[in-house]
Amino acid sequence: MVTYDLTPRIAPLLDRHLVFPLLEFLQERQLYPDEQILKSKIELLNKTNMVDYAMDIHKSLYHTEDVPQDMIDRRAEVVARLKALEEAAAPLVAFLQNPNAVQELRADKNYNLQMLNERYQIGPDQIEALYQYAKFQFECGNYSGAADYLFQYRGLCTNSERSLSALWGKLAAEILMQNWDIAVEELNRLKEIIDSKSFSSPLNQVQSRIWLMHWSLFIFFNHENGRTQIIDLFNQDKYLNAIQTSAPHLLRYLATAFIVNKRRRPQFKDFIKVIQQEEYSYNDPITEFLASVYVNYDFDGAQKKMRECEEVILNDPFLGKRVEEGNFSTVPLRDEFLENARLFIFETYCRIHQRIDMGVLAEKLNLNYEEAERWMVNLIRGSKLDAKIDSKSGTVIMEPNNPNVYEQLIDHTKLLSGRTYKLVSQLLEHAQGQAAR
């Protein structure tokens, strides 16, 4: 299953703090040697201010109570720097902690800056100190404090680039605290800025969308409505084109969302064409399962792929996490996936066969004859299949469904448009690379 682990592809597109939950999951699943995971954690921690955590991991890795002198020196530096930043930001922090003073703030940032300067002697230096203090708190692992200060900073900041950076930091902090409702709000704010902002290059905008989609995986597979929201985001033309151009591995998560979300079937047809189009740039058991069912009509192969899908889901940090008590769903995603995957197989099987023997169907479903008949009735009603059950002959009779020539023309035009966009993006990327040299 290490072959299908996407962590090496995903980690470079995350804040390093967001990588820790992935490593924790991989360590729990024992996909890699424990020593390898611990070394990876220390490597990440060396670039943060979480020195105490790094010391603890060093002790576990090398089975000792001693730590290197450079870690001890680093800890002293962090404590000293934290104290200095705390003092620099103290006037503004004191103001923000005073409810009566905060009431003087208005929606007009320019008014607020003038008022703070005239009444409280708080100027640009103190506001910048608040940003640096919030960032340092985040690097120390104090995500709650960082989120609060970054929120307050954005209310005072007039620099759009710095405000955007603060928003990314706040989103990361909310994800790490598992505040999923707030994280969704911050995600939507970031999306609005990315989609409307004027970037120096179209590729920079594409890269921002790719980062946003990777960060969103934490939210979408934890939030109550996440499996619908991931389709709303990833399936938008601009985001889907970004996936096809630079991050085709994200198709795994969009495919999973489509499979477990029955209400999104109208968009599913176009997505299958994307799976087919990208099969040479990315595939895994989940995308191969969909290709087996909807492209190759290989139902025996699809059933075999289901077993591989189960393993992929169990060992994926976003799909295979344990269901915690009080979570929105008491049914593991794996179980929902397998249940709906079976429906996909038999719905498609029913659509391409004119006559289906109920006994064969019952055997495939591992049901008795009456249960299979009831299951088939519900399937016909739910999927709006043009079919009827002949109880005398014990068969299901399917009516032919001839494709509309105009729909085929539209589908081919959409496919050509997607390929053209991808080709132009690749040419732009190549041209920029040549110019950089």
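Reader: What share of the chain is buried?
Author: Of the 437 residues in the chain, 46% are buried. Buried means under 20% relative accessible area, with a 1.4 Å probe and protein chains only. This is a predicted model: local features need pLDDT of at least 70, side-chain atom pairs count only at pLDDT 80 or more, and totals for chains, interfaces and linings use all residues. Residues are numbered from 1 along each chain as its sequence is written, and side-chain values use heavy atoms, leaving out hydrogens and water.

Reader: How many residues are in the largest nonpolar core?
Author: That core has 133 residues. A nonpolar core is a set of buried Ala, Val, Leu, Ile, Met, Phe, Trp, Tyr and Cys residues joined through side-chain atoms within 4.5 Å. Phe234, Tyr253, Phe271 and Phe289 have the most contacts inside it.

Reader: Which helix gives the most to this core?
Author: Helix H19, residues 333-352, with 10 residues. Helices here are DSSP runs (H or I) of at least four residues, and strands (E) of at least two, numbered from the N terminus.

Reader: What does phenylalanine 271 touch?
Author: Leu251, Leu254, Ala255, Phe258 and Leu290, not counting residues up to four places away in sequence. Contact means heavy atoms within 4.5 Å.

Terms used. Buried < 20%, exposed > 50% of the residue type's maximum accessible area, 1.4 Å probe, protein only.
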